[in-house]
Amino acid sequence: MVNLEWYRTFKAIYKTGTLTGAAEALFISQPGVSLHLSSLESYVGYKLFDRTGRKMMPTERGKVLYNAVVDALTKLEEVEKNFQKSTEKHTPTISVGMCFETFQITLEQYVSSLPFNLIICFGEYPEMLDQLDKGIVDLIITPQKGNSSQLELEPFSCEQIVLVGGSEVDKATFDAIRKTEDIHQTESWLRAQKWYGTTGDMEHLLRFWKLNFDQQPNFRPNYIVPNLNSIVRCLSGGKGLAVIPDFLCRQEIENGQIQLIWEGVKPLKNTLYFGTRKQNSHQQEIDHIKDLFRKVMGRPVQQEVA
């Protein structure tokens, strides 16, 4: 016997016209929708939809099958509604993409109190933009805009990329060198220090160095740790330098655990965006997440420096 869920998925695709729409209607993942459809097509032995761009157009055989099963499926759904407990309510689930460090600093503390289900996804920003466009995630936090016309990007805060160091770093000597305005001596002093970095991610250091010294850094960090929050913990109370977003270490700087060594000749800033699809079915939950981010980060939007 054919799995009944295959028919339900088939009907949802037929009615919504997209795999994403069917996934949202059935509250399952888009890969799950694709699996049900391919399984049903394999069982019946012919294609049920033609994939034209973003739209799923039923084939002639797909139309015949839909007409054959739609009445029976509708009746079963009515039976399900009538026998379901009247007090039972569906708890929505939303997926949010961001970098790991951002999650730890902002949303992690609120997860247990959220009135809905939450799936957190980590990854590179281009990957998250693609997942948002495909309907795999509902909201992303990103400094990159992308170019899809299906997405909305709302600026809500900004981060400044700064040079920080442990409390034992000789900042007075560095400040004295900076006052001479000798850029070569400044670069030489920095290269002589111990540096922290993360696996496979040199973007902040590369951009900061290029902006201030007009060249790529000709050294690699001495210590490679899992993530930017690890760098902050390693620097606290010790020596070493790192280039990181200021919001990740604001509290440690205020507490004197690490030092703000240099903001650079020119401030290096990124505008942060909320990324959503123009049409979504979880606007209330998305707005809730947005409010939490505004509460934690709180910095007004400023123009990004290239």
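These legends describe close-up views of a predicted model.

Residues are numbered from 1 along each chain as its sequence is written, and side-chain values use heavy atoms, without hydrogens or water. Local features need pLDDT of at least 70 and side-chain atom pairs count only at pLDDT 80 or more, while totals for chains, interfaces and linings use all residues.

**View 1. Domains 1 and 2.** The domain assignment, automatic or from a database, gives domain 1 (2-84), domain 2 (91-156 + 270-295) and domain 3 (158-267). The C-alpha centres of domains 1 and 2 lie 28 Å apart.

**View 2. The interface between domain 1 and domain 2.** Four residues of domain 1 contact six of domain 2 (heavy atoms within 4.5 Å). About 470 Å² is buried, with 40% from carbon and sulfur atoms (accessible area lost on being put together, 1.4 Å probe, summed over both parts). Glu 24, Gln 30 and Arg 54 supply 74% of the area that domain 1 buries here, more than any other three residues.

**View 3. The salt bridge between Glu 24 and Arg 277.** Their side chains meet at 3.2 Å, N to O (criterion: Lys or Arg side-chain nitrogen within 4 Å of an Asp or Glu carboxyl oxygen). The count between domain 1 and domain 2 is one salt bridge. The structure holds 13 salt bridges. Glu 24 sits in helix 2 (residues 19-26) and Arg 277 in strand 11 (residues 268-277), 253 residues apart.

Terms used. Buried area = accessible area lost by both parts, 1.4 Å probe. Helix = DSSP H or I, 4+ residues; strand = E, 2+ residues; numbered from the N terminus.
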